[in-house]
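Please follow the description below alongside the sequence and the coordinates, moving from a single residue out to the helices, the domains and the chains.

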Amino acid sequence: MYRRESKTVWQEIIKRKQCYILLLPTFLLLLTFNYYPAISAIYHSLFDWDGANFIRYIGLGNFTNMFQDPTIPLSFLNTLKLTIASLIINLTFPLLAAVLIFHLKDMKYAYFYRVLFVIPMVVPGMVVFMIWRFIYNPTSGLLNQLLISMGLSQLTRPWLGDFDLALYAVIFVGFPWVAGTSTLIYLAGLQAIPIEILDAVSIDGASTWTRFWKIELPLIAAQIKLIVILTLIGAIQGFVNIMVMTNGGPGETTMVPGLYLYRNAMYYNKMGYACAIGTFLFLIILILTYINFKYLKSSVEYQA
Amino acid sequence: MSNTGKISRMVLVFLVISLMLSSSMVIGAEKKVVKMYAQALTPREKLEADRWDPPKYMWTLEKEYEKLHPDVDIQFMPEIPTGYEEWLVTQMTGGTSPEIVWYQRGYIARDYQKGWFVNLTPYLNQPNPYVKGNKKWIDIFQPPVIASGTAPDGNIYMITGDIVGTGIFYNKDIFQKVGVSVPSIWSQFLKVQSKIKAAGYIPFSISMDLGGGVQLWGSWCTRELQDVLYDHKMSEIKGVKEPVKRTWKPGENLPPQVMVKAIKNGTYSPKDPEWKEMLRILKDWSQYWPQGFWALPSDDVYRLWVTGKAAMGWFGSWQNKPVRFDPLRKFEWGVFPKIPKITKDTSPYGGVDFPAMAGVGGVFQYAIASSSEKRGVLNETIDWMRYITAPQNLIPLLNDHGGFAPGTKDTKGADPSLKVYTDQMVKYGTERIEPFDSMLTREFVDNLWKLLQQYLAGKIDIEKMTDEVQKEMNKAADQLLAEHPDWAK
């Protein structure tokens, strides 16, 4: 009878030392640049700290201040709007693009469109934001010039300077939102569906809509779950688009917690307070990720 | 070959490469490296996109200096177009900044206690060997210029070596076409703009964008207007009986500690009629600014003017060279270096000339990082600074840039086209209330600009605006008092 050889963890590690040696740099980099700053931020959130010399323990003082700071609820409300918009966008447009590519009969065209949707990903995000900032420019921007040339000059406005529209103008950046990682993730999910299932559906005479709704969508639930998590994290933490395009303005109409954190850390010398905002964001993301894992099904299995 | 053997070989190759690299570093370490972030004086080659020649004279000075000191290697960092303040904070906090950094002299009161910068007072009292017969380095500068880098502890932390000015640049062709002339009083100024607007031009190019515009033009506008409108109340704010005269000497105006005290005892408040008058005048003027000025990228302010879409713009002496050589400009231009006077007819608090919007320290305001001492290059860094501040080097350096007048006593050979700005400054003095960002806190200033945007865009009324500013002002004053308890005395 086969008897499994019992080995200690250390013996296992020594046996596979080559793998561990190769993984070591990655772990070191992760520890240095990801885990250490995160743990340090949680620790420093309990201090009144200017980032340089002055440091004083204040317990939960920074968190108490957060709840009295009028910019905090306003920025979180903006984040909520941005998150909902990002979820709607990422769960519809890229999915639609992926399904359309997947359903193309000619593989040459499928490959062509896949490449076409991937190419814009090589353009740095910052460049995209700068281009859109130019599109929205109030005096010489493409959008206003287009409206003027169409005889709709009454519709021109300072898009990023409009107190009521600025946030929506930021959301609109990247329209039609089909190029990017989300499309590729959905496409990978669709391509992983066993061909036998799709053939069986065709033989049964299911319509395209039924095939999408009853077969394809449930079978890419794991991809949807991943997109939901990535979108949540991106929307809650992200602020580069806001910083480049509006810097939180006009007034505070596009302020988000990430940008407010950054301003407190970099401009106001309130590193401790910035750490507290970061810790709070971390907790929110943690809870949302847990809910996502707990209540969103990963996949549906079909039995013949 | 076994996997272990392959790995052993890889490790060996890695070690050999590491040894080679470290040995080359040892060879390089023979020279002492002094790194400098020279901001707008950073030398660089002309790019295809450049419409005028970039500065290069630092390279000339570098070569000459290295010939004199073969053991020193001067290196210039590339210019950082955006996010410089964030970059500086991280570099200073990590102790990895270049030896010499460009720094806003006004912020020294805020940051000197952080231990980022070297106290230069002892060095300034030693001779500058590059200036013939000089006994103390400090003596080569005009006293107000070098004194501008003084922190509240009485020590100088900055080498400030230039003078900067601003003025209203105008399009003479548009003025002629519309039939208007340079206004001398505020009511005429508004009438001129009204006629220009009626002719289909943007009267005045300006931005109050949070990305940079409001930090520049918002600051200039509020400082200039406050100086005029609060003129009768300056002594009360300063807590003295004699009149507070305008000078161009920093430190003789109303320093932060005086303003904090005035805020706390209520002699200076956004609820003052003078403050409200400032807001009213600004709002009235803003009807002649570009559409959506609160979101107009600050780069577009110059572009609107130089392409002939806007008739006027408020620019600095640093635009002197660009305007002269810019191929986009197809019109005759002029500068009126002073804002037209607000008379009693316009405002009950008017009747006083505007001060010159000028000052000491433009491009040549450098601090030396404390980390240079740890790296063992402080003496070399100081010596390089002595070399470039010697008038025979500083003046051609500033002329090469074309936008800043020298702040040394010896100004022989300085660009005469900049004289208009320095004359205005010496004649009229500069504003007595310091910019909000050096007077209070950066957080206060950010909140003030956000509120100003909302007020100018008609989103909040004057009462709401001033109530909110008062709250923010009190908060900033309390924070500064907590940081500087001696200011309460």
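A:Ala200 counts as partly exposed, because it has 14 C-beta neighbours inside 10 Å, where a residue is buried if 20 or more other C-beta atoms lie within 10 Å of its own, exposed if 12 or fewer, and partly exposed in between, with C-beta atoms placed from the backbone. This is a predicted model, in which local features need pLDDT of at least 70 and side-chain atom pairs count only at pLDDT 80 or more, whereas totals for chains, interfaces and linings use all residues. Residues are numbered from 1 along each chain as its sequence is written, while chains are lettered from A and ligands numbered from 1 in the order in which they are written.

A:Ala200 has its place in helix 10 of chain A, helices (H or I, at least four residues) and strands (E, at least two) being DSSP runs numbered from the N terminus. Helix 10 of chain A, residues 195–203, is hardly covered, since the count of buried residues among its 9 residues is 0. Just after helix 10 of chain A, A:Gly205 takes a positive phi of about 80°. A:Val9 lies in helix 1 of chain A, residues 9–15, and counts as exposed because it has 7 C-beta neighbours inside 10 Å. Between the C-alpha atoms of A:Val9 and A:Ala274, which are 265 residues apart along the chain, the separation is 41 Å.

A helix pair comes next. The axes of helix 9 (residues 181–191) and helix 12 (residues 221–237) of chain A come within 8 Å and cross at roughly 160°, the axes being lines fitted to C-alpha atoms, for helices over the stretch in contact, and the angles running from 0 to 180 degrees between N-to-C directions. That angle makes helix 9 of chain A roughly antiparallel to helix 12 of chain A, since angles over 145 degrees count as roughly antiparallel, under 35 as roughly parallel, 65 to 115 as roughly perpendicular and the rest as oblique. In this pair, A:Ser182, A:Ile185, A:Tyr186 and A:Gly189 of helix 9 meet A:Ala222, A:Gln223, A:Leu226 and A:Ile227 of helix 12, where two residues are in contact if their C-beta atoms, placed from the backbone, lie within 7 Å. The residues of this contact divide into 5 nonpolar, 3 polar and no charged, with Ala, Val, Leu, Ile, Met, Phe, Trp, Tyr, Cys and Pro counted as nonpolar, Asp, Glu, Lys and Arg as charged, and the others, Gly among them, as polar.

At the level of domains, whose bounds come from an automatic or database domain assignment, chain A has domain 1 (9–57) and domain 2 (68–295).

Chain B is divided into domain 1 (31–161 + 361–408) and domain 2 (165–359 + 434–488). Here 14 residues of domain 1 of chain B are in contact with 20 residues of domain 2 of chain B.

Finally, 23 residues of chain A are in contact with 27 residues of chain B. The elements that give two or more residues to the chain A side are helix 2 (17–44) and helix 14 (257–266) of chain A, and by class this side has 10 nonpolar, 10 polar and 3 charged residues.
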